[in-house]
Amino acid sequence: KYDDMVVDDEPQQEVNMHQTEEIPLSSTEKMLSQTSIGTDVEGEVVGMEEDDLERARIAKKRNLDRSQDVSVSEHLLSGGAVGPGGDQSDESSRVKCALVIDDSMTTRKGIDGALTRLGFEVTQAENGLEGLQVMKTKLFEVVLCDFLMPVMDGLDLVQQYRAWEASNRPWFHQHIVGISAHASLNDAETALRLGMNKYFQKPIPLKLLKEISTSAEVLESSKQLDEKFKEAIITRESVVSGLMRMAQGGASGSSSDELAPNTTRVCLIAESSEAVVKGLIQCAETLGWRSSVVTDGEDALRLLKMRVWDAVFINETIYPLTGSSCVTRFREWEVKNRVLRQKNVYFLREVLGPSDIVSIPHGFDGALGKPINMQLFSNILVNNK
């Protein structure tokens, strides 16, 4: 049984905003290889039976196979059929995700193995800077972050991420759990003030990881991500169905560029809202433009690499790869693979109030707040003609 695997069964000290009692920190960190979360000399995860490891490997392979499925946008562009693994049954479920940020490979591998056994797809980062970049790119049920790391420590990471999150991803609060063997009480209180949700001392036994993974905060994050995932699937199906009807009727808005003469301008729209997509397509159509539409950032990244577009409009909250992360990755690829720079890339984001100003992230050429002012959108297309 799970609880039988716990080696260190002492109660763990948790700090939150309502508890400021002194944390009894150990003078030296116990070797993780002596706990239920660690590695042996050969690097294998300790505390997991062989059949557990095999199930974990199968789960990861299934996730990889899913990520290699033919996308809807590629299917429409190529005119081909969706192959094995591309049916609705494979796309209708989402795998729980966790991020482990720690400079200790032993800690990372140990927690990775335990969380994988609990059904998570785990990403690892070996320092705060790498972890920050990953957090801006992907959403997780939970992030476990060490305090003392090279390049960027955990306190700097959480402070920078919360500032970025407030401006770029206000609809989702990433659950971050601090872990450390040497942090002081003052460090723990500072971390909570800067934006960490909880703090635990190392070593982290399997029993505690199970409690973290089933906590109310993590379950709420999972519920939000599930809803976002289902919304993206429903929107994708609706948008694709609408585009196919428009293509069959000879209207513009088809995602097949072969239908458009060379003189016709074509824009790429990456947006998850069906209503916004229809409005943009109709506006573009009246100006003689054709539109290619995708509903997630990974599809948008693939299409950005396929050709130079006359204009690109990317929403920040597309799932699972955000708009800003998509463009950042594209610009990095572009420097190495293209001579001409993709111009006219516009950032779309919800405006939260009169004082909310939509800034232009790195890699974009402009920004539009939502609800989108169609006159501004029309001006962008007209000026690009």
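Helices (H or I, at least four residues) and strands (E, at least two) are DSSP runs, numbered from the N terminus. The structure is a predicted model, in which local features need pLDDT of at least 70 and side-chain atom pairs count only at pLDDT 80 or more, while totals for chains, interfaces and linings use all residues. Residues are numbered from 1 along each chain as its sequence is written, and side-chain values use heavy atoms, with hydrogens and water left out.

**Backbone features in loops**

Most residues other than glycine have a negative phi, and most peptide bonds are trans. V151, although not a glycine, has a positive phi of about 70°. The loop that holds V151 runs between strand 4 (142-146) and helix 6.

**Packed helices**

Two packed helices are described by the angle between their axes and the distance between the axes. Here the axes are lines fitted to C-alpha atoms, for helices over the stretch in contact, and angles run from 0 to 180 degrees between N-to-C directions.

| Helix pair | Angle | Axis distance |
|---|---|---|
| Helix 5 and helix 6 | about 20° | 10 Å |
| Helix 6 and helix 7 (residues 185-194) | roughly 15° | within 9 Å |
| Helix 11 (residues 297-306) and helix 12 (residues 323-337) | about 25° | 9 Å |

Helix 5 packs against helix 6 at an angle of about 20°, which makes helix 5 roughly parallel to helix 6 (angles under 35 degrees count as roughly parallel, over 145 as roughly antiparallel, 65 to 115 as roughly perpendicular and the rest as oblique). In contact, meaning heavy atoms within 4.5 Å, G128, G131, L132, M135 and K136 of helix 5 meet L157, Q160, Y161 and W164 of helix 6. This contact has five nonpolar, three polar and one charged residues, where Ala, Val, Leu, Ile, Met, Phe, Trp, Tyr, Cys and Pro count as nonpolar, Asp, Glu, Lys and Arg as charged, and the others, Gly among them, as polar.

Helix 6 and helix 7 are likewise roughly parallel to each other, and helix 6 passes helix 7 in a left-handed crossing. From helix 6, L155, V158, Q159 and R162 meet D187, T190, A191 and L194 of helix 7. Four nonpolar, two polar and two charged residues make up that contact.

Helix 11 and helix 12 are also roughly parallel to each other, with a right-handed crossing. Here G297, A300, L301, L304 and K305 of helix 11 meet C326, R329, F330 and W333 of helix 12. The residues of this contact divide into six nonpolar, one polar and two charged.

**The second largest pocket**

Rolling a probe the size of a water molecule over the atoms shows where empty space is left. On a 1 Å grid over the protein atoms alone, a cavity is a set of points where a 1.4 Å probe fits but cannot get out, and a pocket is an open set with protein on both sides within 12 Å along at least five of seven lines; lining residues have an atom within 4 Å of a point. Grid points are joined across faces, edges and corners, and a volume is the space filled by probe spheres set on the points.

The second largest pocket holds about 400 Å³ of space. Its lining consists of 20 residues, of which K136, W164, S324, S325 and T328 lie nearest the centre. Helix 5 (128-137), helix 6 (154-168), helix 12 and strand 10 (345-350) each supply at least two lining residues, and helix 12 gives the largest share, five residues. By class, the lining of this pocket has six nonpolar, nine polar and five charged residues.

Note on methods. A crossing is left-handed if the near helix is turned anticlockwise from the far one by less than a right angle, and right-handed if clockwise.
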